[in-house]
Amino acid sequence: MTYLNYIGAYFLMIAEMFRKPTKWSVMKQLILKDIDDLIIGSLGIVAFISFFVGGVVTIQTALNIDNPLIPKYLVGFATRQSVILEFAPTFISIIMAGKVGSFITSSIGTMRVTEQIDALEVMGINSLNYLVFPKFIALLLYPFVISIAMFLGILGGMAACVYGGFSSLDDYIIGIQTDFTPFHITYAFIKTLVFAFILATIPSYHGYYMKGGALEVGKASTTSFVWTSVVIILLNYILTQMLLS
């Protein structure tokens, strides 16, 4: 029953988030600030991880394809499939749950501890719309981050493949182009938008409804990361089953 209570409170929070909107002149500034904090501030770590993990995927694939009868272009093909279908949308989202999710929970939780949220309510402002809605809008740009992760993952794989001597550049490019299915990109971006909604709302829920002091803010950040990751993995399974089967 406790978990049902949490789930009900979460969906009520989402419904309240869209009620009584804050005036646009204020909301615009909040959205721009959240875009800077959540999207632009994450590009560096996403680019770094994507490039090197793409290289690792390529190296491991090349080392496991040691049969001379298997064409070398399959290294590029396997890297493309791994990066586009799973690594970029799902693995990066788990990382973002740690970076972005913890930031959202701690920032809102700190406002709860210092009674800033109570002050917003006293002034007649819908605090959920004021705090959560800008983060939801900012994370609609999350597919842009994932597209960069896809590109750099494949680029990192190409660098590892060529400079590691596992395959030629021509073979790698042929592998990237072989049997390309455009729907796989659509599938990845559908998952990304769903994950963006989860990244905006679950950490906000844990920050908004937390109780206690500074120690509890840290605990809430850890809990939000765990539950955000769990929901992302479950939805990844469900969406894959629905869209690709």
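Reader: Which helices each supply at least two residues of the nonpolar patch?

Author: In this predicted model, those helices are helix 1 (2-17) and helix 11 (214-244). The patch covers about 680 Å² of the surface and is made by Tyr-3, Tyr-6, Phe-225, Val-226, Trp-227, Val-230 and Leu-234. Helix 11 gives the largest share, five residues.

Reader: Is Leu-234 buried or exposed?

Author: A residue is called exposed when its relative accessible area is over 50%. Leu-234, which lies in helix 11, has a relative accessible area of 53%, and therefore counts as exposed.

Reader: Where does Glu-115 lie?

Author: Glu-115 lies in the loop that runs between helix 4 (74-113) and helix 5 (116-122). Its relative accessibility is 53%, so Glu-115 is classed as exposed.

Reader: What is the phi of Asp-179?

Author: The phi of Asp-179 is near 50°, a positive value in a residue that is not glycine. Asp-179 is found in the loop between helix 9 (169-177) and helix 10 (182-208).

Reader: Why is Asp-179 assigned to its accessibility class?

Author: The class follows from the relative accessible area: Asp-179 has a value of 63%, and is therefore exposed.

How values were computed. Residues numbered from 1 in each chain as written. Predicted model: local features only at pLDDT ≥ 70, side-chain atom pairs only at ≥ 80, totals over all residues. Heavy atoms only, no water. Patch = residues over 30% accessible without salt bridge, like charges linked within 9 Å, V, L, I, M, F, W, Y side chains within 5 Å. Areas by Shrake-Rupley, 256 points an atom, 1.4 Å probe, with all protein chains shown as cover. Salt bridge = Lys/Arg side-chain N within 4 Å of Asp/Glu carboxyl O. Helix = DSSP H or I, 4+ residues; strand = E, 2+ residues; numbered from the N terminus. Buried < 20%, exposed > 50% of the residue type's maximum accessible area, 1.4 Å probe, protein only.
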